[in-house]
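The points are grouped by topic.

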Amino acid sequence: MDVTDPLNAAQSVLSGSETKIDVIKAVLDHGKQEQIFLVAAGVGFDAAIMGDTNDDLKDRVGWLAYVEAGIRKLPGKPVGATITIEANHPIHRKVRSVMVGNCGKLMGDVQIFPDALYTDGILDLLVLAPRGRFGWLSVVAGVFGKGSNRNKSVQSYSGKSAVIDLDSPQEFELDGDHLGEVSHLEVRVEPQALTIRMTAPKTSPRPSKRSRISKPTGGSDPMSWQQKFIVEERKVAPSTRRCLYRSSLVLMVVGLVLFGVLVVSVMTQSGLQRFDQPVAEWFISLRNGGLTAVMSVLAVVFGPTALPIVVLVVIVAWTLLAKHAWRPILLAGGMITGVVLAKVIAPLVQHPRPPADLMLMGADSSYSFPSGHVLGTADFLLILAFLVASRRQNKSLTVLLFSIAAVVILAQVASRLYLGYHWISDTAASISLSLVILGAIMAIDTHRTVRVHGEHIHGKNSQAQVDGT
């Protein structure tokens with residue numbers, strides 16, 4: 001039922017068929033509280049995300065606010081858990097999250113519980129237990145990938161009831177609502193306890209007995225993954241499309257001209273390169289303990305270790321949570337292009353860094369033109385701002401996103417100059433390259449997704465935009 005179409009939704013309510021579905025009863029902390037849910041509940045990481053999502057940010061950017069909260073919650077510690085399913089032998093694990101599901105798909109058509117049906121009299125459990133530095137990548141592969149059943153980071157179970165005992169209280173959510181902390185949770189399915197009206201024919205219940213042996217989850221619905229590669233095409237006024245193409249062309253031309261001027265200046269030690277030394281001396285004159293700490297944090301957060309992890313998490317989460325993967329693919333393509341350009345250009349230009357005794361975080365003898373820190377930061381923030389703002393069509397949001405991007409990019413420029421690792425010409429070259437990449441992304445996106453009224457949308461991998469996802 002499409003809730004964005006009130007007329008058809010009302011007709012569905014009046015003419016649809018009645019179906020009885022299961023509900024799940026949750027008893028918290030030995031009876032202190034009882035709740036009933038229809039979709040899913042969870043303790044640990046997923047509940048922490050629900051509890052710490054910024055509501056104002058969610059109003060502006062939608063589900064991406066959950067990604068921001070998820071990134072902040074990634075470093076948490078696992079907790080000991082004892083899981084007992086239908087009074088069978090207890091399972092002892094160190095976990096980050098235990099989720100209980102009544103149906104297979106959650107927000108964004110993400111298939112978390114591939115075997116779950118709301119008419120089968122069975123509840124499904126998903127246990128997330130990332131291990132090691134790259135444990136969350138293993139979790140992503142286990143939940144959403146295809147293949148081996150040897151992934152111990154993700155295990156699923158099923159039964160009519162389950163008891164979860166935690167070594168220490170953990171945050172708890174139920175159907176997306178954060179309900180505080182629990183250390184003991186009992187869940188039990190109530191078969192066909194709720195009558196609903198729906199347009200689809202009644203679903204035949206599956207057999208009530210399913211294997212309770214741990215198994216890999218996700219990747220079992222090829223149609224859902226095929227849908228990821230469908231591109232939504234949006235209708236705009238002819239003037240809007242012309243403006244998008246002009247903007248992309250201007251960005252690429254300005255970026256290329258500025259980059260060319262900087263390359264000539266650096267290689268001939270003339271022109272704009274003459275500003276390198278006086279700008280560096282000015283930033284060095286500003287050094288103090290507090291400012292050094294701030295600049296060091298910026299260098300680490302947007303450095304070659306942390307930034308790729310943040311980018312990877314955003315791209316993977318966006319791909320999985322969104323209906324279609326076109327925009328995260330563009331973001332990934334832009335980031336890869338920036339990395340390749342930096343690796344190719346640096347040894348060609350061979351611009352030396354400032355003296356090592358000026359570097360505050362250890363010596364670096366690699367070439368400095370362009371600045372990888374600034375290029376990565378600018379690519380990520382500018383492309384992300386465009387891909388979000390272009391679908392929202394909200395001028396205030398567009399200004400806000402690009403303003404935030406500009407402030408962070410300039411802060412990163414200041415950090416590289418203040419810490420003594422780059423010249424102003426290096427950082428300016430990075431920004432100019434980022435403008436070229438942003439312009440190219442805008443042109444590609446406009447060509448593939450923007451249609452004016454009267455143009456037809458055709459092809460098996462295209463559809464009209466429904467909700468901007």
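**The loop between H11 and H12**

Pro-370 sits in the loop between H11 and H12. The model is predicted. The peptide bond from Phe-369 to Pro-370 is cis, with omega near 0 degrees. Most peptide bonds are trans.

**Backbone geometry**

- Gln-350, also found in the loop between H11 and H12, has a positive phi of about 55 degrees although it is not a glycine.
- With a relative accessibility of 46%, Gln-350 counts as partly exposed.
- Asp-29 is another residue that is not a glycine but has a positive phi, here of about 50 degrees.
- The loop between strand S1 (17-28) and strand S2 (33-37) holds Asp-29.
- Asp-29 is buried because its relative accessible area is 17%, under the 20% cut-off.
- Most residues other than glycine have a negative phi.

**Aromatic contacts**

- The structure holds two aromatic pairs.
- Phe-259 and Phe-369 form a tilted pair, with 5.8 Å centre to centre and 35 degrees between the planes.
- Phe-259 lies in helix H7 and Phe-369 in the loop between H11 and H12, so this pair ties together parts that are 110 residues apart in sequence.
- Trp-282 and Phe-283 form an edge-to-face pair, with 5.0 Å centre to centre and 80 degrees between the planes.
- Phe-283 counts as buried, at 13% relative accessibility.
- Arg-287 lies over the face of Tyr-418, at 5.9 Å from the ring centre.

**Nonpolar cores**

- The largest nonpolar core has 50 residues, of which Trp-318, Leu-331, Phe-380, Ile-383, Phe-386, Leu-387 and Leu-438 touch the most other members.
- Elements that each supply at least two residues of this core include strand S11 (231-236), helix H7 (238-268), helix H11 (326-349), helix H13 (395-418) and helix H14 (424-449).
- H12 gives the most to this core, with 12 residues.
- Another core, of 26 residues, lies apart from it and has Phe-37, Val-100, Ile-164 and Val-189 among its members.
- In soluble globular proteins, nonpolar side chains tend to be buried together.

**Nonpolar surface**

- Leu-249, Val-253, Val-257, Leu-258, Val-261, Leu-272 and Phe-275 make a nonpolar surface patch of about 580 Å².
- Leu-272, one of these residues, lies in the loop between H7 and helix H8 (276-285).
- The relative accessible area of Leu-272 is 34%, so this residue is partly exposed.

Key: Residues numbered from 1 in each chain as written. Predicted model: local features only at pLDDT ≥ 70, side-chain atom pairs only at ≥ 80, totals over all residues. Heavy atoms only, no water. Core = buried A, V, L, I, M, F, W, Y, C linked by side-chain atoms within 4.5 Å. Buried < 20%, exposed > 50% of the residue type's maximum accessible area, 1.4 Å probe, protein only. Helix = DSSP H or I, 4+ residues; strand = E, 2+ residues; numbered from the N terminus. Patch = residues over 30% accessible without salt bridge, like charges linked within 9 Å, V, L, I, M, F, W, Y side chains within 5 Å. Areas by Shrake-Rupley, 256 points an atom, 1.4 Å probe, with all protein chains shown as cover. Salt bridge = Lys/Arg side-chain N within 4 Å of Asp/Glu carboxyl O. Phe/Tyr/Trp six-rings, centres within 6.5 Å; stacked < 30°, edge-to-face > 60°. Lys NZ or Arg CZ within 6 Å of the ring centre and 35° of its normal.
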